[in-house]
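Welcome to a short tour of a fold, written for someone who likes to look at backbone angles and packing side by side. Have a look at the model first, and then we can walk through it together.

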Amino acid sequence: MITLAKIKNHPQVLEFIRQTHITLKAIGYTEHGLPHANLVSQRSKDLAQEIGLNQRTQELAAITGFCHDMGNFFGRTQHHYWGALLFHQIFQNDFSPREIGLITQAIVNHDKYTVKLTNTISAIIILSDKSEMRRSRVITKSLQKIKKDIHDRVNYAVTKSALKVNKKKKQITLVLKIDTNFVPIIEYFEIFTERMAYCRRAAAYLGYKFNLVINNFKLL
Ligand SMILES: [Fe+2]
Ligand SMILES: [Fe+2]
C-alpha cells in the first residue's frame with residue numbers, strides 16, 4: 001500500500017509542487033509550495049486523528065493535503081481539477097478505486113465552494129486548507145507592496161493560527177492572532193466570509209460546529 005512517505009518523495013509530485021510555487025509566485029500569489037503542502041497535510045492528519053477517524057483515513061487525508069494544490073502550474077482558476085486529474089494519472093494503480101475516487105474528489109472539492117459535500121476527506125481538507133494563513137505565506141518582501149494587496153495584508157497580519165478540536169463539545173475552532181496595527185479585523189471578513197462559510201459547512205458535515213476566534217474574541 002502506498003504511504004504518505006512515498007508520496008512526499010515522489011519525483012513528479014515534488015516537481016509539480018515546485019512548478020506550482022514558481023507559477024503562483026510569478027502572478028503574485030501567496031506561497032503554495034512545499035511549506036503549504038506540508039502544513040495542510042499535517043493539519044489534515046491531526047484533524048482526522050482528533051475527530052477519531054481510522055488510521056487509513058488519516059493517511060488518505062494527509063496524502064490529499066500534500067497534493068491538493070499541485071495542479072496550479074496548469075492554471076489557477078481550474079487548479080483543483082488539474083490537481084485531481086494529475087493525481088489520478090500518477091497513482092491510479094496504487095490505490096483502490098474507492099480510495100482514488102475519494103482522494104480526487106477531495107482535491108476538486110477544496111476549491112469548489114458551491115459543492116454539496118459527500119466525502120469526509122473533502123471536509124478535512126477544506127478546514128485545513130482554508131485555515132492555513134500565516135505571515136510567511138506572503139512572498140513579496142516590500143511592505144508597500146504587501147499593503148496594496150488585501151490577501152497579502154491579511155496573511156501578513158496573522159502571527160498565529162491554530163485549528164482546535166473539542167471532541168466532547170463537537171466544536172472545531174480556528175484560533176487566529178492578528179496584528180491589528182497592520183490590518184483591521186473587518187478586512188478578514190471582506191475576503192474570508194466565503195471561506196469561513198465553507199469551513200462551517202465542512203465542520204457540519206463532520207458533525208461539528210465551527211467557531212472562529214480572533215484575538216480572543218469569538219466571532220463565529
Ligand atoms: Fe487550492
Ligand atoms: Fe491550498
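## The hairpin of β1 and β2

In this predicted model, the hairpin formed by β1 and β2 has four residues between its strands, and Lys170 takes a positive phi near 55 degrees there. Lys170 is not a glycine, despite that positive phi. The loop that holds Lys170 runs between β1 (158-166) and β2 (171-178).

Asn166 stands opposite Gln171 in β2.

## From β2 to β3

β2 also pairs with β3, here in the parallel sense, over six bridges. The chain gets from β2 to β3 through helix α10 (residues 185-205), in a β-α-β crossover that is right-handed. Within this pairing, Ile172 has Phe210 in β3 as its bridge partner.

Asn215, not a glycine either, has a positive phi of about 50 degrees. You will find Asn215 in the loop between β3 (209-214) and β4 (217-218). With 14 other C-beta atoms within 10 Å, Asn215 is partly exposed.

## The nonpolar core

The largest nonpolar core has 56 residues. Those with the most contacts inside this core are Cys67, Ile103, Ile121, Ile124, Leu127 and Cys199.

Which residues does Ile103 contact, leaving aside its neighbours within four places in sequence? They are Leu60, Ile63, Thr64, Phe87, Phe95 and Ile121.

Definitions and conventions. Residues numbered from 1 in each chain as written. Chains lettered and ligands numbered in written order. Predicted model: local features only at pLDDT ≥ 70, side-chain atom pairs only at ≥ 80, totals over all residues. Helix = DSSP H or I, 4+ residues; strand = E, 2+ residues; numbered from the N terminus. Buried ≥ 20, exposed ≤ 12 C-beta atoms within 10 Å, placed from the backbone. Core = buried A, V, L, I, M, F, W, Y, C linked by C-beta atoms within 7 Å. Contact = placed C-beta atoms within 7 Å. Pairing = 2+ DSSP bridges. Right-handed = clockwise from strand over helix to strand, strands pointing away.
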